[in-house]
Every structure is written in C-alpha cells, then in structure tokens.
Amino acid sequence: MIFSINTLQCSRFTLSALFIGLISVLLLLVSFSAMSKPKIKVIHGYTVDGFARVQIKNETSKQLACWVAIDGFKQKFRLPALSTSRWFTANDKRYNYTNFSTWCDNIDFYPQYLEYPRG
C-alpha cells in the first residue's frame, strides 16, 4: 500500500512538473514574439493651413523599412536608427489622423527597401 501511494505521489509530481514546464515554454514563445516588433512612435499633427500630417520616429538601433499611406497613395522609405522621418501631409483638409496608415519593420527582412530614399 505504501509503495502505491509513493508511486501516485511521484506521478502527480511528474505531471505537475511537466505542466509547469509546458506553461514556461509557452510564455517564453509569447515574449519573444512581442519583442520582435520594432519600437516606433507615430506622431500626428496639423499644418498651419489645417492639413493633417504624420511622422514616424524610430526608437530602435536598427534601420527600418517603412511606408505611410493615405487615400491609396503609399510612400515607401528607409528610416535610419534613432531618427525621425519627414512629415507626410495630406492634400485635402477633409482627411484626419485616422485616414493615415503606417507600417515599419526591420530592413533585413525587406532588402528591396534599400533602394528607397531615407525618410
């Protein structure tokens, strides 16, 4: 009887250790995917004339491939490390910050962006 209780306790310990190990691995994978996105800051504003505009700030130490789009027009550019892009301004006063779409990622994954100008 004692042998079976020890075996039962051992199997419970093994299952709990396996469960904790599985949860640890899942948390580790989730944290790596969260760190894989570049840290950028999107700055919205208006010109003196009242046109909406947007700017992207690169807060990483790597060069990024980026684009800014509004009304179907997409402007592609490279954003150097720890720098800010130029202002991209809308051409109609009816646009606001919600009409802009922005995207940035590591330029190592998109080598075709090396031919685009610096933002």
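Residues are numbered from 1 along each chain as its sequence is written, and side-chain values use heavy atoms, with hydrogens and water left out. Because this is a predicted model, local features need pLDDT of at least 70 and side-chain atom pairs count only at pLDDT 80 or more, while totals for chains, interfaces and linings use all residues.

**Chain as a whole**

- Of the 119 residues of the protein chain, 24% count as buried, where buried means under 20% relative accessible area, exposed means over 50%, and partly exposed lies in between (1.4 Å probe, protein chains only).
- The protein chain exposes about 8600 Å², with carbon and sulfur atoms supplying 62% of that area; accessible areas come from the Shrake-Rupley method with a 1.4 Å probe, and for residues only the protein chains shown count as cover.
- Among contacts in the protein chain with a separation of 6 or more, 57% are between residues 24 or more positions apart, a contact being heavy atoms within 4.5 Å.

- Strand 1 is joined to strand 2 (residues 52-58) by seven bridges, the two running antiparallel, and His44 stands opposite Val54 in strand 2.
- Seven bridges also join strand 3 (residues 64-70) to strand 4 (residues 73-79), again in antiparallel fashion, with Cys66 standing opposite Phe77 in strand 4.
- The hairpin of strand 3 and strand 4 has two residues between the strands, and in this hairpin Asp71 takes a positive phi near 55 degrees.

**Disulfide**

- A search of the whole structure finds one disulfide, a disulfide being a pair of cysteine sulfur atoms within 2.5 Å.
- The bond joins Cys66 to Cys104, with an S to S distance of 2.1 Å, and it links distant parts of the chain, since Cys66 lies in strand 3 and Cys104 in strand 6 (residues 100-106), 38 residues apart.
- The link of Cys66 and Cys104 is right-handed, with 115 degrees about the S-S bond, and both cysteines are buried.

**Nonpolar cores**

- The largest nonpolar core has 14 residues, of which Ile56, Cys66, Val68, Phe77, Leu79 and Phe100 touch the most other members; such a core is a set of buried Ala, Val, Leu, Ile, Met, Phe, Trp, Tyr and Cys residues joined through side-chain atoms within 4.5 Å.
- Strand 2, strand 3, strand 4 and strand 6 are the elements that give two or more residues to this core, and strand 3 gives the most, with four residues.
- A second, separate core of five residues includes Ala65, Trp67, Ile107 and Tyr113.
- Not counting residues up to four places away in sequence, Leu79 touches Ile56, Lys57, Asn58, Lys62, Gln63, Leu64, Cys66, Thr84 and Ser85.

**Pro117**

- Pro117 lies in the segment after strand 6 and counts as partly exposed because its relative accessibility is 48%.
- Leaving aside neighbours within four places in sequence, Pro117 is in contact with Lys76, Phe77 and Arg78.
- Pro117 and Arg78 are 39 residues apart in sequence and 6.1 Å apart in space, C-alpha to C-alpha.

Key. Two strands pair if DSSP finds at least two bridges between them.
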